[in-house]
Amino acid sequence: MKQIATALVKAQKAFGPALKTSTNPHFRSRYADLSACVEAVIEGLNGAGIALIQRTSEDLTGVTVETVFIHESGEMLECGKLHVPASKQDPQGYGSALTYARRYSLMAACGIAPEDDDGNAATRKTAPAVPTPDITDHLLAIEGSGNADQLKEVYKDAFDACEGNQVLQAKVIAAKKARIERAKQEKTT
């Protein structure tokens, strides 16, 4: 367990926030969906030589998920099973429970939490206004990146330049995704 433990410490230093970019129309609230949670940790994990696996177990009342980390040394860390009952006994109910279980299992295993919008809003009311960083040059660097290594480097710089601003971080993530899609299209043409 020594190598995977050391690698997890390294990975956690690289984790970003799980951004609340999705909206729940029923409760009129924002939340960090599964892709935001994965986005927050996957580069840190992979950069430290750790693969992320989420195993499911057969379950008659819902979904059981276990997040497992596998280090390139062969060491493995199983993070415990999480059971989520299905709200309905149909594919939609099980699918919803699976997504929920994967998201919460991942956040618990990685020690991350979604960015607290309510807490941040309360803090902003009493704190002096902080100037918004200008990330225009960083967004242009992402767009102009020539290969995967260069994209990874300029993405990290751009994300750091956001200084924790969720709106700017979401723009950086979107720019990265757009650059990856453009690269895929360039390969096919």
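Strands S4 and S5 (residues 76–85) pair in the antiparallel sense over 8 bridges; two strands count as paired if DSSP finds at least two bridges between them. The model is predicted: local features need pLDDT of at least 70, side-chain atom pairs count only at pLDDT 80 or more, and totals for chains, interfaces and linings use all residues. Residues are numbered from 1 along each chain as its sequence is written, and side-chain values use heavy atoms, with hydrogens and water left out. Helices (H or I, at least four residues) and strands (E, at least two) are DSSP runs numbered from the N terminus.

**Strands S3, S4 and S5**
- Between S4 and S5 lies a hairpin with 4 residues, and in its turn Gly74 has a positive phi of about 105°.
- Val63 has Val84 as its bridge partner in S5.
- S4 also pairs with strand S3 (residues 50–57), again in the antiparallel sense and over 8 bridges.
- In that pairing, Ile53 stands opposite Val68 of S4, and a hairpin of 4 residues joins S3 to S4.
- Strand S4 (residues 62–71) is largely enclosed by the rest of the structure, because 9 of its 10 residues are buried. Buried means under 20% relative accessible area, exposed over 50%, and partly exposed in between (1.4 Å probe, protein chains only).

**Helix H6**
- Helix H6 (residues 148–161) has 14 residues and reaches 20 Å from its first C-alpha to its last, close to the 20 Å expected at 1.5 Å a residue. The expected span is 1.5 Å times one less than the number of residues.
- Leu151, Val154, Tyr155, Ala158, Phe159 and Ala161 are the buried residues of H6. Seen down the helix axis, these residues fall within an arc of 150°, so they line one face of H6; the arc is that of the directions from the helix axis to the C-beta atoms.
- The face of H6 turned away from the buried side carries the exposed residues Asp149, Glu153 and Lys156.
- Helices H2 (34–47), H5 (136–144) and H7 (166–188) are among the elements that cover the buried residues of H6.
- At the start of H6, a side-chain oxygen of Asn147 comes to within 3.1 Å of the backbone nitrogen of Asp149. Just after the helix, Glu163 takes a positive phi of about 50°.

**Tyr155**
- Tyr155 lies in helix H6 and counts as buried, at 7% relative accessibility.
- Leaving aside residues up to four places away in sequence, Tyr155 touches Glu39, Glu43, Ile142, Val172, Ile173 and Lys176; a contact means heavy atoms within 4.5 Å.
- Ser145 is 10 residues from Tyr155 in sequence and 9.4 Å from it in space, C-alpha to C-alpha.

**Cysteines**
- A search of the whole structure finds 0 disulfides, a disulfide being a pair of cysteine sulfur atoms within 2.5 Å.
- Cys37 is in no disulfide, and its nearest cysteine sulfur, that of Cys110, is 9.1 Å away. Cys37 is buried, at 0% relative accessibility.
- Cys162 is likewise in no disulfide; its nearest cysteine sulfur is that of Cys37, 18 Å away. Cys162 is buried, with a relative accessible area of 1%.

**The chain as a whole**
- The chain has 7 helices and 5 strands, and its elements run α-β-β-α-β-β-β-α-α-α-α-α from the N terminus on.
- Of its 189 residues, 33% count as buried.
- The C-alpha atoms fill a box of roughly 50 × 45 × 40 Å, taken along the principal axes.
- Among contacts in the chain with a separation of 6 or more, 54% are between residues 24 or more positions apart.

Terms used: A polar contact is a pair of N or O atoms within 3.5 Å; within protein, one must be able to donate a hydrogen and the other to accept it, and residues adjacent in sequence count only if both atoms are side-chain atoms.
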